[in-house]
Amino acid sequence: MKRQKRIAVINDVTGFGRCSVAVALPIISAMKIQCCPLPTAILSAHTAFPNFFLKDFTPYMDRYMEHWKSQNLEFDGISTGFLSSKEQISQVIHFFELFKTEDNLVLVDPVMGDYGRLYSSYTDEMCDEMKRLVPYADILTPNLTEACRLLDIPYQEADLSDRGLLAICEQLSQMGPEKIVITGLQWENKITNYLYEKGKTSEKIVVDKIGKDRSGTGDVFTSVVFADIINGSDFHGAVQKAVEFINKVIEFTEDLGTPEHFGLCFEEFLTELK
């Protein structure tokens, strides 16, 4: 039976704030791929808001994925994002055991922190558990904080030279993934994404930094990159597309004066994604 391509997205569902599934679903769909969310939590707004409703979905994840398995569903891609407990990490591994095949790809975004600090919900134990997902990843998209934490490198001691970034990626690749992007490196009003692909020359994609950091930017990035790769694009081309899309969206969002925690106003440009 012919079917559209499908990506399973394991992430939280946030009603307001433009992050996680609220970002992945429209972007992946706009790129002509069916997006199939597995919720990890249901939130009225994301955690950068001063208050919010949250319903943890952990007790229901097993039944949810087992039903998918009973329907003989297959996925061309599986992506993971923010996880709220070590129990959810075990459930994600179970999902990989049920649905990962030689013919599909897994993208792991090891969301743990930024600017050298862990998010408030993350403990050292939780970070150690996150390492268990890396061997399943074909594509890994950490920021510098997360790359350092996965390798137990002190953030302040990270070598950001080309040689140093290559060494970080090579160590991460030894854990499993063949494609790695260290995202959002910032200096001199520039944003750099460092691309590593096993057996190929590493490279940087550098753009001017526009405005302030915004919630959900990483989710936009991984959604565009992964969907483009599932559609057959090469790694560099997929990252380049994501970077150009985000820059255009940020400029528009800044012009509107949208608060940072409201996320990126990407809806205006969805029809440009192919």
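Colleague: Which residues have the most contacts inside the largest nonpolar core?

Modeller: The model is a predicted one. In soluble globular proteins, nonpolar side chains tend to be buried together. Here the largest nonpolar core contains 44 residues. Those with the most contacts inside this core are I78, F95 and L133.

Colleague: Which residues does F95 contact, leaving aside its neighbours within four places in sequence?

Modeller: Contact here requires heavy atoms within 4.5 Å. With those sequence neighbours left aside, the partners of F95 are A8, I10, L38, M65, W68, F75, I78 and K100.

Colleague: How many residues does the second, separate core have?

Modeller: Among the members of this separate core are I33, V181, V249 and L264. Its residue count is 39.

Colleague: How many charged residues are in the lining of the second largest pocket?

Modeller: This pocket holds about 180 Å³ of space, and its lining includes R3, K69, E74 and D103. The lining divides into four nonpolar residues, three polar and, as charged residues, five.

Colleague: Which residues are the closest to the centre of the largest cavity?

Modeller: The largest cavity has a volume of about 130 Å³. Of the 16 residues in its lining, the closest to the centre are V9, N11, S79, T222 and S223.

Colleague: Which elements give two or more residues to the lining of the largest cavity?

Modeller: The lining of this cavity comprises seven nonpolar, seven polar and two charged residues. The elements that give two or more of the lining residues are β1, α1, β4 and α7.

Note on methods
Residues are numbered from 1 along each chain as its sequence is written. This is a predicted model: local features need pLDDT of at least 70, side-chain atom pairs count only at pLDDT 80 or more; totals for chains, interfaces and linings use all residues. Side-chain values use heavy atoms; hydrogens and water are left out. A nonpolar core is a set of buried Ala, Val, Leu, Ile, Met, Phe, Trp, Tyr and Cys residues joined through side-chain atoms within 4.5 Å. Buried means under 20% relative accessible area, exposed over 50%, partly exposed in between (1.4 Å probe, protein chains only). On a 1 Å grid over the protein atoms alone, a cavity is a set of points where a 1.4 Å probe fits but cannot get out, and a pocket is an open set with protein on both sides within 12 Å along at least five of seven lines; lining residues have an atom within 4 Å of a point. Grid points are joined across faces, edges and corners, and a volume is the space filled by probe spheres set on the points. Ala, Val, Leu, Ile, Met, Phe, Trp, Tyr, Cys and Pro count as nonpolar, Asp, Glu, Lys and Arg as charged, and the others, Gly among them, as polar. Helices (H or I, at least four residues) and strands (E, at least two) are DSSP runs, numbered from the N terminus.
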